[in-house]
Amino acid sequence: MAENIDDARRQVLQVIHRIPAGKVATYGQIARLAGMPNQPRLVGRILSRLPPGTKLPWHRVINSQGRISNPGAARQRERLEAEGIPFLNGRVRLKDFQWQP
């Protein structure tokens, strides 16, 4: 488990940086991979505080139902579709597009 918020932030950002183009990961998955199981909301909080123009592939993080759950939904969906990730009824099919490190 992360010792403090700076460690948690660093671990979360490192995991997100590894998500390849054309794949997505869930908030819970990122939390588990960062060593903080049961902390998906912390992942969301960290992502909500990214600086404008970040190079981090934040758009590849979605919720466990395969939906976009942040205020920038249109921009996020546009970026995911540009990477070849389709949406069906507002969802990404996790079975096909979820990153499996």
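**A tour from the pocket to the cores**

Begin at the largest pocket of this predicted model, where α3 and α4 (73-82) each supply at least two residues of the lining. Helix α3 provides the largest share of that lining, namely four residues. The pocket holds about 410 Å³ of space. Select Leu47, Ser48, Leu50, Trp58 and Arg75 next; of the 19 lining residues, these are the closest to the centre of the pocket. By class, the lining comprises eight nonpolar, eight polar and three charged residues.

Now select helix α3 itself, residues 40-48. Its buried residues are Leu42, Val43, Ile46 and Leu47. These residues lie on the same side of α3 because they cover an arc of only 140 degrees around the axis. On the face turned away from that buried side, display the exposed residues Arg41 and Ser48.

Proceed to the largest nonpolar core, which has 21 residues. Highlight Val12, Ile16, Ile19, Ile30, Val43, Leu47 and Val61, the members that touch the most other members. The elements giving two or more residues to this core are α1, α2 and α3, and α1 gives the most, with five.

Centre the view on Ile19. Leaving aside neighbours within four places in sequence, Ile19 is in contact with Val24, Ala25, Ile30, Pro57, Arg60, Val61 and Trp99.

Finish at a second, separate core of nine residues, selecting Ile62, Ile68, Leu80 and Val92 among them.

Notes:
Residues are numbered from 1 along each chain as its sequence is written. This is a predicted model: local features need pLDDT of at least 70, side-chain atom pairs count only at pLDDT 80 or more; totals for chains, interfaces and linings use all residues. Side-chain values use heavy atoms; hydrogens and water are left out. Buried means under 20% relative accessible area, exposed over 50%, partly exposed in between (1.4 Å probe, protein chains only). The arc is that of the directions from the helix axis to the C-beta atoms. A nonpolar core is a set of buried Ala, Val, Leu, Ile, Met, Phe, Trp, Tyr and Cys residues joined through side-chain atoms within 4.5 Å. Contact means heavy atoms within 4.5 Å. On a 1 Å grid over the protein atoms alone, a cavity is a set of points where a 1.4 Å probe fits but cannot get out, and a pocket is an open set with protein on both sides within 12 Å along at least five of seven lines; lining residues have an atom within 4 Å of a point. Grid points are joined across faces, edges and corners, and a volume is the space filled by probe spheres set on the points. Ala, Val, Leu, Ile, Met, Phe, Trp, Tyr, Cys and Pro count as nonpolar, Asp, Glu, Lys and Arg as charged, and the others, Gly among them, as polar.
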